[in-house]
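Subject: Structure handover

Hi,

Here is the structure I promised to pass on. Please open it and keep it beside you while you read my notes.

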Amino acid sequence: MSLILEHVTITRPDGAKLIRGLTLNVAPGSVTTVMGPSGIGKSTLLDAIAGSLAPGFALSGRITLNGRDLTALPPERRRIGLMFQDALLFPHLSLAGNLAFGLDPRIRGRAARAQAVDEALAEAGLAGLGLRDPATLSGGQRARAALMRTLLAAPEALLLDEPFGKLDMSLRDEIQRFVFDHAAARGVPVLLVSHDPQDAAAAGGPVVALA
Amino acid sequence: MRAVPALLLAALVAPVVLGLWQTGRAAFGIMPALGRETPSLEPWRQLFALPGLGGSIRLSLVSGLGAAILSLLIALALVQALQGRLSAARAARWLAPFLAVPHAALAIGMAFLLAPSGWIARALAPLMDWTRPPGAASVNDPWGMALMLGLMVKEIPFLMLVILAALGQVPLARIMAMGRALGYGPGAVWLRLVLPAIWPMLRLPFWVVLVYSVSNVDMAIILGPANPPVLGVAVTRWFVSPDLAMILPASAGAILQAGLAGAVIAAAWGAERLAARLGPAWLARGGRGPAGAPGWMAGAVLRLAAMAGLVLMAAGLLAMAALAIWSLAFRWPFPLILPEAWSLNAWSMTAPGWRRALMTSVLLAGTTASLSLALAVAWLQAAPARMRAEWLILLPLLVPQIGFLHGLNVVFLRAGLQADLLAVGMGQMLFVFPYVLLSLSGPWRAVDPRLMRTAAALGAGPWRRLVAVRLPVLLRPLLTAWAIGIAVSVAQYLPTLYLGAGRVATLTTEAVTLASGSDRRVSGVYASLQALVPLLAYACAFVIPAWWHRDRRALAGAFR
Amino acid sequence: MISARLLALALGLSLAAPIHAQTKDWQAVLDEARGQNVFWHAWGGDARTNAFIEWVSAQTSQRYGVTVTQVKLSDTAEAVTRVLSEKAAGRDEGGAVDLIWINGPNFLAMKEQGLLHGPFVADLPNARYLDLSPEAPASVDFTVPVEGMESPWRLARFVFVHDSERAPEPPRSMAEFVTWAEANPGRMTHPAVSNFMGATFLKQALVELAPDPAMLQEPATPETFETATAPLWEWYDALRPNLWREGRTLPENQGVQQQLLNDGEIDIAMSFDPASTAAAIAEGLLPDTARVFVTEGGMIGNVSFVAIPYNAANKAGAKVVADFLISPEAQAHMQDITVLGSFSVLDPARLDAEAQALFDALPTAEALPRLEDLGPTLLEPHASWMTLLTEEWSRRYTQ
């Protein structure tokens with residue numbers, strides 16, 4: 001059970017090929033890092049896997065997750081979590097509201113959902129901050145909240161798009177550890193995109209270089 | 001869903017084209033109701049034989065081009081002068097009253113401010129020892145100056161908002177810093193670097209302003225010269241001449257008006273192409289003005305324009321105040337600064353009338369603005385990020401109303417539509433929807449696409465992404481677009497008049513009619529109400545999001 | 001006693017018999033009209049007229065179940081154009097216009113184009129109070145025979161208004177306006193000639209100055225027009241340089257002109273309503289010192305009518321309203337200085353004592369002229385004169 005890319009090729013609207021015949025197997029609980037210079041198509045690859053490829057781009061090949069073919073599914077049904085450089089917490093919801101937004105709908109009942117959110121907040125060291133405006137949180141708090149929100153949706157894979165790029169060095173180690181530990185604990189395959197070798201080293205898994 | 005933009009475009013373009021076609025038929029002599037069945041050039045011969053036609057065309061061009069170009073210059077100067085001190089959100093709040101107040105209401109107020117017996121003359125009277133109003137032609141002047149001033153008070157704020165929105169899309173601070181580091185003064189940087197960067201976003205709004213300026217009717221009736229009037233007013237008069245056969249040359253005049261607007265746009269486009277051709281060489285020369293005073297000329301012009309802009313804005317505010325005061329006056333003879341006697345008579349005597357007009361205006365505005373908002377959301381959901389045909393939604397704003405409304409009226413009648421609220425509402429949608437869509441599309445596309453992708457990754461389908469994320473995040477721009485829709489609907493004069501057969505009496509049709517009556521107090525009542533309705537809508541657009549998002553720093557901010 | 005009652009009954013029957021058929025027809029009209037809403041297209045620039053129409057609606061809805069909605073026009077021709085464009089679109093019934101306040105050239109245009117419903121006036125019960133003989137003012141509209149196609153509702157007499165304090169000695173003839181304006185440059189003006197009032201100012205001068213006023217009652221020909229108007233243009237050329245703003249700009253209509261008088265920008269204005277000055281003073285729209293004056297030879301007068309378009313959706317309702325307008329009650333209410341102050345169109349000789357009492361009870365005011373002060377009423381020239389005058393004036397004086 002894992003995230004598998006078979007002969008994935010992405011064509012730009014002008015016909016140029018961004019990614020050619022990429023084949024990858026990301027095992028559960030492991031982190032695969034995709035590296036390469038800007039403009040090579042790293043983010044486009046993540047868009048293709050998440051299902052949000054811009055109109056005009058064409059994808060060939062096959063992407064499967066835990067045996068399900070993702071290619072034809074809309075993004076909301078792929079069960080793939082996304083993390084970006086920015087935490088992208090919803091500005092109109094409280095911190096708890098953000099977490100509840102992602103929370104798996106199979107958890108039912110107001111009390112059960114509130115409890116799940118509280119536990120996730122505590123796990124991220126954000127206990128008691130549930131009613132806070134996301135805009136008032138620190139960068140580290142926001143990053144942890146974003147990861148918890150993603151995990152609460154019970155994703156079967158995680159895609160990380162340069163998630164540590166904006167963090168300063170002291171915070172960076174902490175958040176890297178937090179993300180990778182949680183992913184490993186849940187046994188989900190992680191695909192990390194970065195241009196920073198330090199991220200790849202911290203991830204500790206295989207590295208794929210795009211060129 | 002995919003078909004929404006195409007359908008809406010067709011619904012916007014078809015009435016304009018059909019209306020123009022009907023008007024065009026009459027312009028070439030075909031009007032079966034008058035027994036004219038064969039095409040001829042006779043209407044055009046009649047049109048060109050009408051006295052004052054040349055004068056009307058000249059006036060329309062001079063006052064229209066003058067107002068539009070000066071408005072652009074002053075708006076740029078004001079934005080430049082206030083740069084850094086004025087965020088787009090704050091500016092929107094300050095400019096709201098000017099955007100909200102309908103053209104006709106503002107014109108009625110300006111007329112009182114500028115008239116020889118008006119507030120300015122009254123303020124000067126003790127100094128100049130005037131016991132009678134001076135004999136100066138300060139409104140309805142034969143050169144159209146008062147009309148130009150009135151147009152500018154409405155257009156400068158609109159262009160300022162457009163400029164501020166465009167500036168939000170370019171790295172202004174960095175361009176400024178870079179330009180100044182290279183030795184250019186702030187004015188020079190604006191002209192050489194900022195303006196070319198934002199012009200593509202200003203082009204269409206400026207064209208809309210150009211067309212409105214050369215073809216407006218309601219403001220020109222109140223502030224413009226009477227003999228000859230500007231072309232739009234002249235054509236409106238010919239359309240209602242007791243001599244029914246005048247409809248043919250009037251239709252030719254309407255087509256001429258449309259041609260005039262086209263010519264003005266073509267000229268603006270030509271000037272732009274010329275600047276684009278000559279500009280690079282000029283920029284490459286690297287002239288920085290005399291040493292020690294970089295760009296002092298540009299600076300002086302900008303400062304002067306900014307001052308003029310502030311004076312005009314102050315005049316606009318006084319004009320609005322004058323409306324309210326007149327509605328509460330009993331007698332207010334020259335040279336008193338304030339009324340001699342006050343009374344609520346004007347309000348109470350006309351109460352049945354203004355209540356009905358108010359209800360009609362509110363009903364029309366509420367319906368058209370809300371429907372336009374819903375359609376705009378559907379459009380933006382469905383449309384690709386950049387649609388080549390998008391400029392077409394501006395077609396109803398780029399073709400002078402007088403050019404197609406008379407014809408559209410005939411089309412509506414043929415289609416069996418009664419001249420009622422429905423017909424007027426449909427007609428108003430032609431103008432309300434484009435403004436609502438234009439106002440919403442910027443903020444809509446500015447929403448970080450990753451935010452929507454994050455929501456999708458969390459399992460939210462398209463509907464939930466729209467309702468639970470995009471709409472709440474866009475609450476303020478949504479309400480602002482809605483308020484703009486309200487203001488546009490309330491201000492519509494010609495569409496309401498033509499498509500409602502005059503039976504649909506709104507605050508604006510009543511205000512313009514009453515402005516031609518003897519009772520300035522009653523005009524004051526209607527014009528005040530006319531300004532009040534959109535102002536309240538704008539107030540909602542500021543207060544509701546501020547309250548709703550009171551604990552959300554990234555979204556509140558109306559009160560910061 | 002019994003015989004007297006029988007006699008009265010017999011008399012009553014003999015009188016009622018011919019009327020009976022009419023009453024029956026009228027009853028059918030009333031039945032049809034009940035529940036209708038009449039769209040009355042009427043110039044909307046006068047708040048008092050608008051309020052009077054509101055009153056009419058309240059009355060007719062209470063009495064006959066017919067409501068009136070005023071469609072406020074800035075120019076009557078808008079309604080004419082509307083009917084024409086309906087005809088153009090083939091809408092021969094269910095039209096938007098039920099009733100139009102109309103006269104003069106607009107009436108002529110609609111009558112010539114077959115855009116009117118009728119004749120209907122003789123069928124109105126209250127027409128018994130009208131003098132409908134062929135020469136009577138209510139039978140001729142700008143010399144065009146009415147022929148029952150429009151029903152009168154208010155009397156218009158052209159009068160001048162002056163501020164008796166600032167201009168105590170107003171001109172006494174149209175010719176004297178030239179010398180008065182020379183002595184008081186910039187202190188008078190007239191509404192734009194495209195406006196009814198402005199055209200009437202020229203017609204008033206034309207009637208006084210034309211070599212042979214009788215020719216004005218015939219349709220104008222190029223020859224008669226040239227002869228008749230030559231002295232007029234000479235007069236106007238002398239007057240114009242001393243008008244307000246040298247005559248280069250003119251007020252849009254009499255409302256704007258009255259506002260100028262109230263603002264003190266001019267000293268002389270004009271009106272089609274001898275009572276409007278007193279009413280305007282009472283409302284704060286004119287200074288207390290405003291007074292009506294007329295020229296010695298008399299002033300033009302005409303009657304305002306209502307007409308029903310051929311395709312009106314609510315013809316029965318429109319007739320009920322037209323009938324109510326010529327009831328003694330409506331006419332007396334209209335003549336009330338505190339309401340409209342327009343003189344009645346009814347023939348005083350045909351009023352019974354009860355109706356007469358309604359008029360006698362009306363209040364008066366200092367600035368309200370007595371009928372005898374207004375001098376003789378001059379006939380309107382044939383409608384073609386107004387059209388030609390307007391055109392010739394634009395040709396001569398539009399830059």
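Start with T81(C). Leaving aside its neighbours within four places in sequence, T81(C) is in contact with F239(B), V240(B), I247(B) and H406(B). Contact means heavy atoms within 4.5 Å. T81(C) sits in helix α3 of chain C, residues 77-88. Helices (H or I, at least four residues) and strands (E, at least two) are DSSP runs, numbered from the N terminus. Is T81(C) buried or exposed? T81(C) is buried, with a relative accessible area of 8%. Buried means under 20% relative accessible area, exposed over 50%, and partly exposed in between, using a 1.4 Å probe and protein chains only.

A word on the model. It is predicted: local features need pLDDT of at least 70, side-chain atom pairs count only at pLDDT 80 or more, and totals for chains, interfaces and linings use all residues. Residues are numbered from 1 along each chain as its sequence is written, chains are lettered from A and ligands numbered from 1 in the order in which they are written, and side-chain values use heavy atoms, without hydrogens and water.

Now the chains together. Of the 2 pairs of chains in contact, chains B and C share the most contacts. No contact joins chain A and chain C. Their closest C-alpha atoms lie 47 Å apart.

Next, chain B. It has 24 helices and 2 strands. Its C-alpha atoms fill a box of roughly 65 × 65 × 55 Å, taken along the principal axes. Buried residues make up 60% of its 560 residues. Chain B has 41 positive side chains (Lys and Arg) and 15 negative ones (Asp and Glu); His and the chain ends are not counted. The centres of the two sets lie 15 Å apart, with each charge placed at NZ of Lys, CZ of Arg, CG of Asp or CD of Glu.

Chain B is divided into domain 1 (1-40 + 346-560) and domain 2 (53-343). These bounds come from an automatic or database domain assignment. The C-alpha centres of the two domains lie 23 Å apart. How many residues of domain 1 are in contact with domain 2? The count is 45 residues of domain 1, in contact with 46 residues of domain 2.

Last, helix α11 of chain C, residues 328-335. Its buried residues are P328(C), A330(C), Q331(C), A332(C) and M334(C). They pack against α2 (47-64), β6 (150-157), α10 (315-325) and α12 (353-360) of chain C.

Best wishes
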